[in-house]
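Okay, thanks everyone. Let me put the model up and we'll walk through a few spots.

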Amino acid sequence: MKIKKLLSVCLAGILAASFALTGCTDKNEKAATDNNVTLKMLVPGYDGGYLKKELDNGIKAFEEKNPNIKVQIISVGWEDLNSKIIQLFQAKESPDIMLTGSRTLKQLVDMGAAENLSPFMKDDFKSKRVENVLKTAQIDGKQYGIPMAFSSRALYYRTDLIQNPPKNWDELLQTAREVHAKDPKVYGFAIPTDLESGTDEILNFIYQNGGRIVDKDGKYTLNSKENVEALTYLKKFSDEGLIPDPVSMKRNDQATLFKNGNLAMFVSGPWEKEEMDKSEYKYGVAELPVGKFSAETLVTDSYVMSSQSKHKEAAWKFIEFMGQPEYQRPVSEAFGWFPVLKDEEKDKRFNDEFMKPFAAKIKDGVPEPQVSNWDTFNKTFVTAVQKVLTGKATPQEALDQAQSELEKQ
């Protein structure tokens, strides 16, 4: 009995030691893994210079403070961004962090590709964020993205041709008519329909007429009366030759047309200022003309963490680090974006006369629609608008067809 008891005690001691060693080994392996991390981050347009300086500076500071964590950027084109994210996820090769439009979040969440960030967010973190901007990256009340870019729109116009900028839809159309009548080489307005940016600009008009893309249950409402009316209004610009060819018109081309003397008015963001200042034609900036309602599209881009990341704590550490004012502010300033942090709201640049028209409409902003497949919706919607503006279909016909196609998805 004594021998058995002694053996039991010895065996228990050996097992305890074994468990202890195993526990230590697991902890050491975890520590070794955590201490030698390379985070991969997908960034659209980085190779072309998009946020390169601002991100590089932030990454350098982060790596100096966290010497065992490295950040490697993977660049991708804007038009290929969403498909690339899906491709990498399906191949189980998702980067740890992705910079992407908040509009794609529902699709990523439905796929299981985006990590719920709510458990990572402490009250202190949330209290420093502009609430309505933070909400643009929520799905069903859960935070799947952390906004890092928030843009607003206004109307650019030539002050030598237009003394009083239009304040509503009727005045916008009439002003475009008057300008074009005086000089047929000058288009009164522009309606971009490119896949990269066109949808957000057209949504301004949809929202200003009280329309929506999906209802509260997420079902498509493309062919609603309000949306048909909005496209019927835009069609007048095309019918009367007041806009450049809508199929080839890109948002990024508008400032160039203006500088060349061929465009009198267009809608865009503050990032156009640098190019517009180079123009020989003087320009002004005014609030977006109002339809039935005062509204604009709220557009945000967000840091999104992959659900496949093996370094979620380190990934969150980087996202949280980049959200500090000293690293977020340069990102916002790079393109004239608006505050995602409350600390930014105090910046003097937002009281600048140039920025005031952009700021004025934020309170009336409507988020981009949350759809199950942004690329499919985007292409279908833009194609419908192009058909309307080129006379290949009536607004009702084009939106009925688009509605039918999307309901089959």
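So, α15 passes α16 in a right-handed crossing. This is a predicted model, by the way. α15 covers residues 374-389 and α16 covers residues 395-407, and their axes come within 8 Å, crossing at roughly 165 degrees. Anything over 145 counts as roughly antiparallel, so that is what α15 and α16 are to each other. Who makes the contact? From α15 you've got Thr 376, Phe 377, Thr 380, Ala 384, Lys 387 and Val 388. On the α16 side there's Pro 395, Ala 398, Leu 399, Gln 401, Ala 402, Glu 405 and Leu 406. By type, that contact splits into eight nonpolar residues, three polar and two charged.

Okay, over to α2, residues 52-65. With 14 residues at 1.5 Å a residue, α2 should span 20 Å, and its end C-alpha atoms are 20 Å apart, so the two agree. Which residues of α2 are buried? Glu 54, Leu 55, Gly 58, Ile 59, Ala 61, Phe 62 and Glu 63. Those buried residues pack against strands β1, β2, β3 and β10, and against helices α12 and α13.

And that brings me to β10, where Leu 298 sits. Leu 298 has a relative accessible area of 5%, and the cut-off for buried is under 20%, so Leu 298 counts as buried. Setting aside neighbours within four places in sequence, Leu 298 is in contact with Phe 150, Ile 362, Gly 365, Val 366, Pro 367 and Glu 368. Asp 343, meanwhile, is 45 residues from Leu 298 in sequence and 20 Å from it in space, C-alpha to C-alpha.

That's my tour, happy to go back to any of it.

How values were computed
Residues numbered from 1 in each chain as written. Predicted model: local features only at pLDDT ≥ 70, side-chain atom pairs only at ≥ 80, totals over all residues. Heavy atoms only, no water. Axes fitted to C-alpha atoms, helices over the stretch in contact; angles between N-to-C directions. Helix = DSSP H or I, 4+ residues; strand = E, 2+ residues; numbered from the N terminus. Parallel < 35°, antiparallel > 145°, perpendicular 65-115°, else oblique. Left-handed = near helix turned anticlockwise from the far one by under 90°. Contact = heavy atoms within 4.5 Å. Nonpolar A, V, L, I, M, F, W, Y, C, P; charged D, E, K, R; others polar. Expected span 1.5 Å × (residues − 1). Buried < 20%, exposed > 50% of the residue type's maximum accessible area, 1.4 Å probe, protein only.
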